[in-house]
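Have the model open as you read.

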Protein chains: 2
Amino acid sequence: MNVLLVYAHPEPRSLNGSLKDFAIASLEAAGHHVQVSDLYAMQWKASLDANDSLDREPDARFNPSLDSKHAFANGRQSADIAQEQAKLRWADAVILQFPLWWFSMPAILKGWVERVYAYGFAYGVGEHSDSHWGDRYGEGSMAGKRAMLLVTTGGWESHYGARGINGPIDDVLFPIQHGVLYYPGFDVLPPFVVYRTSRMDDARFASVQDELGQRLDTLWTTPPIPFRQQNAGDYEIPALTLRPEIAPERSGFVAHLA
Amino acid sequence: MNVLLVYAHPEPRSLNGSLKDFAIASLEAAGHHVQVSDLYAMQWKASLDANDSLDREPDARFNPSLDSKHAFANGRQSADIAQEQAKLRWADAVILQFPLWWFSMPAILKGWVERVYAYGFAYGVGEHSDSHWGDRYGEGSMAGKRAMLLVTTGGWESHYGARGINGPIDDVLFPIQHGVLYYPGFDVLPPFVVYRTSRMDDARFASVQDELGQRLDTLWTTPPIPFRQQNAGDYEIPALTLRPEIAPERSGFVAHLA
């Protein structure tokens with residue numbers, strides 16, 4: 001199978017760098033093909049702007065989504081964007097690896113999402129009607145592919161528990177797992193999270209590697225997070241709220257799990 | 001009073017650009033002093049990296065937090081970072097204005113947070129003991145200052161309701177409002193959110209302006225979101241989980257509201 005690892009850490013000689021090297025070696029040893037988008041090494045342009053489209057009228061008003069739509073449809077995207085889209089098409093599975101900075105992904109990775117997720121590619125896909133509100137949340141260009149987050153954080157596991165001060169890790173990651181990955185159609189696997197990274201010794205690193213290796217070995221068989229499909233009957237359209245009879249006692253992120 | 005508006009949209013001739021201009025005019029008409037960090041106009045460097053510290057050893061291993069700590073403590077931060085920190089010190093209130101892209105802030109603004117929020121300035125502040133786990137979540141360098149999000153989104157209000165498919169807006173914004181703003185000590189006001197931005201005509205824009213004007217007029221009196229202070233007794237330290245007797249029936253983000 002083909003695996004794309006999108007990696008966002010500025011220092012190769014870091015815990016993240018070691019985990020990346022281990023993941024590549026582990027996947028290749030199992031016979032998979034791996035491509036790595038090492039965003040810092042690539043000096044990835046993080047900020048979405050008018051330069052993401054080739055030969056625009058310089059004085060034309062820039063509309064992020066309409067310009068993206070036009071550039072995607074007409075082959076006028078900047079080359080770095082088109083290359084990353086080709087990697088996504090090639091991949092059977094995508095791993096986003098990053099340190100959790102301020103409770104989200106690093107800016108350089110957020111900018112990868114913003115620029116690579118073009119209108120017509122990752123959003124604005126499919127028809128809008130009374131029963132189908134675009135191919136999104138369970139349908140879309142990434143349908144049939146799997147995705148997983150590989151995240152490190154300095155905080156303790158308890159800080160990200162059900163009543164931990166940072167909020168539950170599944171809720172902290174929901175905007176990424178549901179909003180960035182499930183939205184264009186990925187099946188999203190439970191995240192692999194390494195907590196309290198300042199307390200890493202050789203023994204603990206060996207055990208983290210073992211656990212990560214098991215997750216990589218089961219990348220094709222681990223059941224995905226059971227997010228609800230938008231267009232499969234659970235939601236009113238176009239309000240996109242859960243129908244009253246669906247999990248009537250629930251609200252918030254958890255309500256979107258079947 | 002002094003207001004810092006941190007603004008992240010690439011096109012001045014946009015809804016966001018118009019709202020920014022209105023906010024500045026409205027605040028200045030009320031006698032306040034306003035500084036604007038227009039991140040796209042400033043060509044703000046979005047990606048945190050080793051170049052954020054002056055005169056590092058070029059081959060030294062880069063550690064994002066330890067390098068930040070050293071640069072902050074020794075006056076060796078790059079000038080753009082120090083300038084933004086000076087604006088934060090000057091401000092009595094801070095407004096972060098941005099379009100919601102993929103359920104979070106644009107990369108350029110995320111990179112402002114990552115680079116300006118230095119170790120010793122926005123985190124790593126205060127003592128750690130059995131009863132005090134750093135000056136954070138209600139204490140810290142920004143204590144006594146107010147902050148508010150001004151957010152636009154193409155999605156409908158119902159999509160961000162209690163049972164809306166994107167998740168409740170308060171939960172989508174929790175990693176920013178609680179994790180980025182309350183963490184270093186800001187009092188965080190309820191957000192000002194403009195939904196369904198593709199359906200904006202003159203009448204609706206006038207009414208949005210009126211509502212925003214009211215929020216700016218009451219910037220100093222609006223009650224902040226009642227997040228729980230970390231070190232005021234509600235949390236076990238160092239587990240940083242809510243004590244069993246505090247809101248025992250609650251978990252998730254909402255449990256951190258008093």
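A helix axis here is a line fitted to C-alpha atoms over the stretch in contact, and angles run from 0 to 180 degrees between N-to-C directions. The model is predicted.

**The interface between chains A and B**

- On chain A, 52 residues are in contact with 52 residues of chain B.
- Three elements of chain A give two or more residues to the side that touches chain B: α4 (107-116), α5 (169-172) and α6 (174-182).
- α4(A) gives the most to that side, with 6 residues.
- By class, the side of chain A that touches chain B holds 29 nonpolar, 15 polar and 8 charged residues.
- The copies meet through the same surface, because 100% of the interface residues of chain A are also interface residues in chain B.

**The α1–α7 pair in chain B**

- Two packed helices are described by the angle between their axes and the distance between the axes.
- For α1(B) and α7(B) (residues 202-217), the angle is about 40 degrees and the axes are 10 Å apart.
- Angles under 35 degrees count as roughly parallel and those of 65 to 115 as roughly perpendicular, so α1(B) is oblique to α7(B).
- The crossing of α1(B) and α7(B) is right-handed.
- α1(B) makes the contact with B:Leu19, B:Phe22, B:Ala23, B:Ser26 and B:Leu27.
- α7(B) makes the contact with B:Gln209, B:Leu212, B:Gly213 and B:Leu216.
- The residues of this contact divide into 6 nonpolar, 3 polar and no charged.

**B:Ala30**

- B:Ala30 is found in the loop between α1 (15-29) and β2 (33-38) of chain B.
- Around B:Ala30 there are 13 other C-beta atoms within 10 Å.
- A residue is buried at 20 or more such atoms and exposed at 12 or fewer, so B:Ala30 is partly exposed.
- B:Ala30 and B:Asp217 are 187 residues apart along the chain, yet their C-alpha atoms are separated by 7.8 Å.

Notes:
Residues numbered from 1 in each chain as written. Chains lettered and ligands numbered in written order. Predicted model: local features only at pLDDT ≥ 70, side-chain atom pairs only at ≥ 80, totals over all residues. Contact = placed C-beta atoms within 7 Å. Helix = DSSP H or I, 4+ residues; strand = E, 2+ residues; numbered from the N terminus. Nonpolar A, V, L, I, M, F, W, Y, C, P; charged D, E, K, R; others polar. Parallel < 35°, antiparallel > 145°, perpendicular 65-115°, else oblique. Left-handed = near helix turned anticlockwise from the far one by under 90°.
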